[in-house]
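Please keep the sequence and the model at hand while reading.

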Amino acid sequence: MALFSRRFGLVAALTAAFAAPAFAQAPAAAPVRGGALTIGVESDFEGFDPVRAGVYSNSTVTAASLFYETLMRLDDKGNLLPALALSMTPNEDGSVWTAKIRPNVKWHDGTPFTAQAVADHFNRLLDPANRFAGRAYLAIEKVEAPDDLTAVFKMRGPNAALPRTLAQPTVTTLIISVKAAQEKGADYNRNPVGTGPFVFKEWRAADRLVAERNPNYWDKDKPYLDRVTVRPLPDSDARYASLVKGDVQVIWEDRAENIVKAKKDKNLHVLTWVGSGALVIPLNTQREPLNDKRVRQAVSMALNRKANAAVLTQGLRPVHDDPYGPSSGIECKDNGALKYDPEAARKLVADYGKPVKLTMTVTATPRGREGAQVFQADMKKAGIDVEIKPVDQTQLVKEALTRDFQVTGWRIIDLADVDPQMFANFHSKSPINFSGYNNAEVDRLLLVGRTSLDENKRKAAYCDMIKILNDDAVWLWSGSNIDFAITRANVRGIPALRGGAVQVESAWFAK
Amino acid sequence: MPWIFRQLVRLVVVLFCVTLLTYMIVNILPGDVAIVILGNLATPEDIAGLRKDLGLDRPMLVRYFDWLGSALSGDLGRSYRNGEPVVQAILDRLPVSLQLMVMAQVIALGIAIPVALLSVRRPGGIFDRISASAAFGFLAMPNFMLGIVLIYLFSVTFDLLPATGFTPMSEGLWDNFVSMILPSMTLGLIEWTVLMRVLRSDLLTTLKEDFILLARAKGLPPWRVLLQHALRPSSFTLITILGLNIGGLIGGAVIVEQIFALPGVGRLLLGGIFNRDLILVQGTVAFIAVGFVVINFLVDMLYAVLDPRVRHVRFRS
Amino acid sequence: MSASAAKSTVVAATRPRRRWHWALALPLGWLLLVVFLAITADWIGLPDPSAQELILRRKPPSAEYLLGTDNLGRDMLSRIIYGARTSLIVGICAPFLGFLVGGAIGMSAGYFRGKIDLLAVGFIDILLAFPSLVLALTFTAYLGQSLFNVTLALGILSIPAAARVSRANTLAWANRDFVLAARTIGASNWRIITREILPNLLPPMFAFWLVAISVIIVAEGALSFLGLGIPAPQPSWGGMIADGREALDVAPHTALIPAAVMFATVLSLNFVGDMVRNMVDPRRSAL
């Protein structure tokens, strides 16, 4: 959902040897309390009322997870940990989940945190009158609170992925105080109230957001830091320079040149997180000539995804043949990917018989231009003409939603479980399946992935599905979702960058 | 004073037309603020519903007069995207833009005045010719190009100044000043050429006047004649040019803020355009247009008060 | 952008007039070279400006790539020459368009005076008070980014400047004896405007047009720089500078070479424009 992130533009991807996630510092020493930390992020924040903000960019999640929390949490290995909920248990078929709420937690305004607050938060998002866009991804029907410490999630059907989905910090899972939101009205978006380790102090637009240590935090030892400042620094070179100078101690980064530089710098430390999801090139299966499978396959075979990405990202962002990512735990022996083969692509085009002309809609950004031109050059070698149509982001979204495009650039975001995104993007009944893809077998497999409580059955379903999708050449996987953060060498305790967010609840400064 | 009255009417009419035109143009932009708010996951029904809630389904003229009504009472509405009051958003970013423009003007004047004075000491002399050529060269530099050349020289090659990014005053006055040097140089190094050439020709005319000859005859040293007798009347011309140039300066500031990632009004405007945040764009454009028109109006008035002939030949160029 | 047009008029020639013979040779030579290359680009054996060799991206100038390669491994020399086409087409056509409309407005205003003048001046004021970037952006966003639309947008931006110049000159000529004489013998307004005034208007308009070309080339560059100009892969100098800006530390030539070419061209245009203006409008050189 990094709609406003620069990476939203089409990024041609690349491959190289797959780099294992390197969570660098072995936390040998005990954490030390104190200190003020400043984080440099890419963009200013949409706001902190999910209904108003609609989406959280990864910059916003970085700030929001200072003062908001999720029900569950994931450690770096992907194990579920309790957070605002002590536990979550399903009924037999997984259609109802019961969460035991942590007692004695207080909102920052002093009122007690209860199961009712959890129910209010999710029900508010689900209420169609509020038009919260992300509800299309939620498999929850409604949430009830039979008592103060029990929240019951009624699902639309059996759902295996709920606890993991709720553990990833996103615009839906970070729980806000609905009571405060109602009292403050439109001002709440800029004055959030949460339960988290830090208390919101001030947000000066385009400048900084400041949060201070929550002395009443339920996890008594944490947080270690006294104060955290998040500064939007949109220019990646300026962000990097601020880090080198020491004005900020952590930055989110995506410019390959800077990451390569930082890896050589002893004073800096690079954090890498390979998430699920991918950068993708969706093909509209309902539009001439892409409604013909031969043409889609030709496009897929003509695009030299891996070689392009290796050069353009200096090997930092490998290309895979599925959007699952190592964090999902889904590893397919055979993903049915079509190999790069411009000759075969030429033959398919010849077989199709008519000249193939495509229009690619991309964002009018340097990166959008770069990716589109590489795509164009590859297609030319297979005899496919591509016209580039640069538009701005809102226009691109509109064309995608109304299926008014042929080829575009998109991104499947990093989520703890692959179900919500896969279902939304490929199920024939999903309102945001903008490739217009319709395949009964894929629909069936998506339902297995959504409903089966057997982890192995789910994984098998996703592997069967990817074979069909790759053979049908619906979406081309042009890059993996990898996030990088760079810290000063003395910063410790930053967990995996899930969704590209930097979370500092357990961060501390080494002496 | 009928003349003043006429001018005021003109001012109001221009402002009305500018805001109306902006409203129309901003509204025919493709793309949709409802999508910006709801995100890339929204359903078409939600989008239509939100458009209705925002009043975007009403006729454009009705919406315009609504907007105008509250704008006149000082309320420019709230940003569609994040609910920030537009007036607040502008005021938050205005200091950055003002600092940029003021520093640019200081640099421009700091170069233009000494160069013009030195040039007119011997018109056609070696210094005059070199400075004229330099001015000619700088004038041919697009601001986005000069910005990049300056970054390359001062930041990449010599590592003297930060390439981009803004340090607010709260982080320290010195750091703030340093972060603004390259951006204001980008504007100032182009601006000075205009000022210098106008000042130079103005000084040359003044130097031919009787009172200068008189001062010379009295045996005053040449630099005193220049500074005390010639520069003072010319500074009035300079003010006029500064007023006339404000438009170019604002346009330049938009681009410079973009190059150097400064959180000013220009970036606010560009961001608003890209996000189809109509109400933000509308408010910002109106603010800039009002500023521009009012400043020019004041300059005109000043001119007229000091030089009554102008009232009759108002439309000079 | 329109304000910089006004800027250029303010800054009219202060150069000494005598030595223009040799001083004109260099800029004129450069412009002729640019025009010649832009016209003949297809026939002088240049590599395809959009042919990529990703492995060779951002290589410095060498024997094979005289000006190096850009961010996608394309030949910079070829892109600069094809980019000259973009700049020249937009630079020549946009002010022409603006001058047709603006010239007509300015002439009617200067000739008929009264209400028409008031309206025209109001119209110009409004256009000048309007942030030109928003206008240009609207056009390219609404109509789609293309060479034609960018030309159209910049053409509209040059209307106010053109209207001002033609109005001021018309005002000066409309009171001359021969115009008054034509009027007394009963010549129609149309005849007076086209036969008596227009011919006198053309030389200063032509001189101003030359300066406007350079202003428009810069404006097109600024649009492309912001990503709102000609769509890729068609090369444009502004777009090349924007692409190169991303790698100023590792491959400065990708930004600095197009910047230098653009600078030389704008400088030469200003130079030649000034010379021409001094020839057709001697009063200006006395400024």
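A residue counts as buried under 20% relative accessible area, as exposed over 50%, and as partly exposed in between, using a 1.4 Å probe and protein chains only. This is a predicted model, in which local features need pLDDT of at least 70 and side-chain atom pairs count only at pLDDT 80 or more, while totals for chains, interfaces and linings use all residues. Residues are numbered from 1 along each chain as its sequence is written, and side-chain values use heavy atoms, with hydrogens and water left out.

**Helix α10 of chain A**
- Helices are DSSP runs (H or I, at least four residues), as are strands (E, at least two), numbered from the N terminus.
- In helix α10 (residues 342-352) of chain A, the buried residues are A:Ala345, A:Leu348, A:Val349 and A:Tyr352, and they line one face of the helix because they fall within an arc of 100 degrees seen down its axis, taken from the directions from the helix axis to the C-beta atoms.
- On the other side of α10(A), A:Lys347 and A:Ala350 are exposed.

**Salt bridges**
- A:Lys306 and A:Asp321 meet in a salt bridge at 3.4 Å, N to O; A:Lys306 lies in helix α9 (residues 305-312) and A:Asp321 in the loop between α9 and α10 of chain A, so the pair ties together parts 15 residues apart in sequence.
- A:Asp321 counts as buried at 12% relative accessibility, whereas A:Lys306 is partly exposed at 31%.

Key: Chains are lettered from A and ligands numbered from 1 in the order in which they are written. A salt bridge is a side-chain nitrogen of Lys or Arg within 4 Å of a carboxyl oxygen of Asp or Glu.
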